[in-house]
Amino acid sequence: MSEDFIRPTFLTILCFLTFMTSVSALWNQSKNLWSPGVAAENVTQMFESAQEKLHARPGAADLRATDTMFKIIYDQTNAANMHTMAVILLIFESISLYAAYLMWNLQKRGFYLYLAGIAIAFFTPLLLIGGWFGAVNAIAGVFFSCFMAILYAFNLKHMH
């Protein structure tokens, strides 16, 4: 006996968003994989810009602690770490893409695979890179995905 399952519209939208963000991130990380030096320079410029904006704020009195953090991040932003992050995020995005495909097909194991991908994206930079750079990348890598996981969890009742 074959049962027809209807995918809820909300789950359809979530899966579509995951498809789009994963494909985009796979493209970006593949560029970072092949030119990690350029990626490191771009990240350094981004942090320098953020640091300048912090100093330009009115009332920005004592920023020694943040300056120290930025210096540590600058020191750890190099081609080798960018290459490592690109590999980690390529794995994470591939897992996310496949997990979204499974959830698109209403398979509950896709949700658990998605959570496993988030765990990989969070813990691997901490273990392989470490320091502030690893921590910043770990948090940035999973922030949006944790929010999406909560939204996917609301749809678990529709999956089998």
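Tutor: In this predicted model, a residue counts as buried under 20% relative accessible area and as exposed over 50%.

Student: Is Ser145 buried or exposed?

Tutor: Ser145 has its place in helix 6. Its relative accessible area is 8%. The cut-off for burial is under 20%, so Ser145 is buried.

Student: Which residues is Ser145 in contact with, leaving aside its neighbours within four places in sequence?

Tutor: Contact is taken as heavy atoms within 4.5 Å. With the neighbours within four places in sequence left aside, the contacts of Ser145 are Phe92, Tyr114 and Ile118.

Student: Which helix gives the largest share of the lining of the second largest pocket?

Tutor: That pocket holds about 160 Å³ of space and is lined by 15 residues, with Thr21, Phe92, Glu93, Phe144 and Ser145 nearest its centre. Helix 1, helix 4 and helix 6 each supply at least two lining residues. By type, the lining divides into eight nonpolar, six polar and one charged. The largest share, six residues, comes from helix 6.

Student: How much space lies in the largest pocket?

Tutor: Its lining has 24 residues, and the closest to the centre are Gln29, Asn32, Val43, Leu89 and Asn137. Two or more lining residues come from each of helix 1 (9-34), helix 2 (36-56), helix 4 (79-104) and helix 6 (131-153). The space in this largest pocket is about 600 Å³.

Student: How many residues of the lining of the largest pocket are nonpolar, how many polar and how many charged?

Tutor: For this count, Gly is placed with the polar residues, while Tyr and Cys are nonpolar. On that basis the lining of the largest pocket has 14 nonpolar, eight polar and two charged.

Student: How far apart are the end C-alpha atoms of helix 2?

Tutor: Helix 2 has 21 residues, and at 1.5 Å a residue these should span 30 Å. The model agrees with that expectation, because the end C-alpha atoms lie apart by 30 Å.

Student: How wide an arc do the buried residues of helix 2 cover around the axis?

Tutor: The buried residues of helix 2 are Pro36, Ala39, Ala40, Val43, Thr44, Phe47 and Gln51. They are on the same side of helix 2 because the arc they cover around its axis is only 135°.

Student: Why can residues three or four places apart point the same way?

Tutor: The reason lies in the geometry of the helix. Residues three or four places apart point the same way because the number of residues a turn in an α-helix is 3.6.

Student: Which residues are exposed on the other side of helix 2?

Tutor: The cover over the buried residues of helix 2 includes helix 1, helix 3 (64-76), helix 4 and helix 6. On the other side of helix 2, the exposed residues are Val38, Glu52, Lys53 and Ala56.

Student: What distance separates the C-alpha atoms of Met103 and Thr12?

Tutor: Met103 is found in helix 4 and counts as buried because its relative accessibility is 0%. Leaving aside neighbours within four places in sequence, its contacts include Leu11, Cys15 and Tyr152. Met103 and Thr12 are 91 residues apart along the chain, yet their C-alpha atoms are separated by 9.0 Å.

Student: What percentage of the residues of the protein chain count as buried?

Tutor: The chain has six helices and zero strands, and its C-alpha trace spans about 70 × 35 × 25 Å along the principal axes. Of the 160 residues of the chain, the buried fraction is 39%.

Conventions
Residues numbered from 1 in each chain as written. Predicted model: local features only at pLDDT ≥ 70, side-chain atom pairs only at ≥ 80, totals over all residues. Heavy atoms only, no water. 1 Å grid on protein atoms, 1.4 Å probe; cavity = no way out; pocket = protein on both sides within 12 Å on 5 of 7 lines; lining within 4 Å. Points joined across faces, edges and corners; volume = space filled by probe spheres on them. Helix = DSSP H or I, 4+ residues; strand = E, 2+ residues; numbered from the N terminus. Expected span 1.5 Å × (residues − 1). Buried < 20%, exposed > 50% of the residue type's maximum accessible area, 1.4 Å probe, protein only. Arc of directions from axis to C-beta.
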